[in-house]
Amino acid sequence: MSLAVSELRRTPLCDIHCQMNGKMVEFGGWHMPVQYAGVLREHHAVRTGVGLFDVSHMGEIEVIGPDAERLVNFVSTNNALRLKIGQAQYSALLYEHGGFVDDILVHKVSDTHFFICVNASNQWKDFEHIELMKLKDGFKADVVFASERYAQIAVQGPKAMATAQKLTSTDLSSIRYYWFRDGEFAGAPARIARTGYTGEDGFEVYVEPEAAGTVWNALVQAGAEFGIEPCGLGARNTLRLEAKMALYGHEITATINPFEADLAWIVKMDKGDFVGRDALEKIVRTGVSRKLVGFEMRGRGIGRDGYEVLVDGLPAGWVTSGGPSPTTNSNIGLCYLPVHQAQPGVSIQVVVRNSPVDAVTVATPFYKREK
Amino acid sequence: MTYPETYRFTKEHEWVHVEGSEATVGITDHAQHELGDIVFVDLPKVGSAVIKGHTFASVESVKAVSDIYSPVSGEVSVINDLLQQTPEKLNEDPHGQAWLIKVTLNATPEINELMQAADYQKYIGAE
């Protein structure tokens, strides 16, 4: 599907991206920068200094009311009952058949208020799904589509803390990884979460759309001494792939379940009933037939999204995400293989433009930051 | 970056420099800029045939693969090893050091229909 540029959604930072020479592309119906100075440069900035991302296209759904916690725990695979106020957790929404609706980040704002960050391309689908599940079981809670209320900016990298601390009186070092706090950032009311999609330390800051420009410009200034770079979707993808983080539509889809996707850790089967649990129970009993595994190219060629994977010369699976890894200086990817081959050390071939190129399965993540 | 007067340019952003019965083929500065960081270059084998208007190589950026079309017909006589080792040179010096292939021409190539430097610059200005 191709939309005319004028039909694409724009974030509040669109003009700033153009001013900063962002190369704009269409992404999930949004007009977004794929790069500014260059993907490799932006990638390295995040790994060694600090990078800045406009992630305002992401969706936000709020669940508010006496049954908010029960409803969230019912639609989400992870255990929402274990969250403390100010804590966040990575989770998923599943269909009753066990396939993914989306992967999500659940934040507990209060006992009766949950804040969920969801993928840009799935936000309306996710909202309708949670609403439908709520109506099915009569939970007393409001499900609010809140995306228009929030802009989101991510600041990521070893220098992200030092950069962001200049702009808030909140003691950022006291926010532990995967926790958040409501406060003020660059003079605007903000939800400051120590989360991210890069594998580095950093923050995702949620503010009103009107404040986005101010926050962005303040971060550009604050990060200047550390060589802060604005980063686009290109670097966002190379960074998350190295950190082995899933991307909806690639590693996770409606026809893939969490056990296949190597995401058993976000599924808490013993927490009680949740949407998809019955289907997952069956899968636990019968086992999965395919599983996600990392690979690294050995021959000349880059295994990319959608390329076929061969084992012993026969079609065995496909690449979900693949490309160059700037930090490890190799060509990496993730693929689905039959479960017995989906472990490190298996020789495979990736079909690159009709030619099989040698590769090998490897352990993941491909990159892990120093603690 | 200058677009050399002695080169001819295609609508698909390749350049060709003909010297007698030999031609050198590359991609333009405009092309490398549009592609972004180049991470892989796939060149044909020496001795293989290239046909005007047909793809003969591919250039990969971080996110995408782009086909490169030959402006001339002939046989590949040399490929640029530099690009196998350091594909990023294609971003740095696309009109010079980072040529893609040299071709022994079949016949006098019909390059007069290809754009000269000034026309190509107008073409990319207008794009």
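Q: Which residue is the bridge partner of Glu296(A) in strand 17 of chain A?
A: This is a predicted model in which local features need pLDDT of at least 70, side-chain atom pairs count only at pLDDT 80 or more, and totals for chains, interfaces and linings use all residues; side-chain values use heavy atoms, without hydrogens and water. Residues are numbered from 1 along each chain as its sequence is written, while chains are lettered from A and ligands numbered from 1 in the order in which they are written. Strands are DSSP runs of E with at least two residues, numbered from the N terminus. In strand 17 of chain A, Glu296(A) has as its bridge partner Ile332(A).

Q: In what order do the six strands of chain A close into a barrel?
A: The pairing in this barrel is antiparallel. The strands of chain A close in the order 14-17-16-15-18-19.

Q: How far apart are the closest N and O atoms of the salt bridge between Glu60(B) and Arg353(A)?
A: A salt bridge is a side-chain nitrogen of Lys or Arg within 4 Å of a carboxyl oxygen of Asp or Glu. Chain B and chain A have three salt bridges between them. In the one joining Glu60(B) to Arg353(A), the closest N and O atoms are separated by 3.3 Å.

Terms used
Two strands pair if DSSP finds at least two bridges between them. Helices (H or I, at least four residues) and strands (E, at least two) are DSSP runs, numbered from the N terminus.
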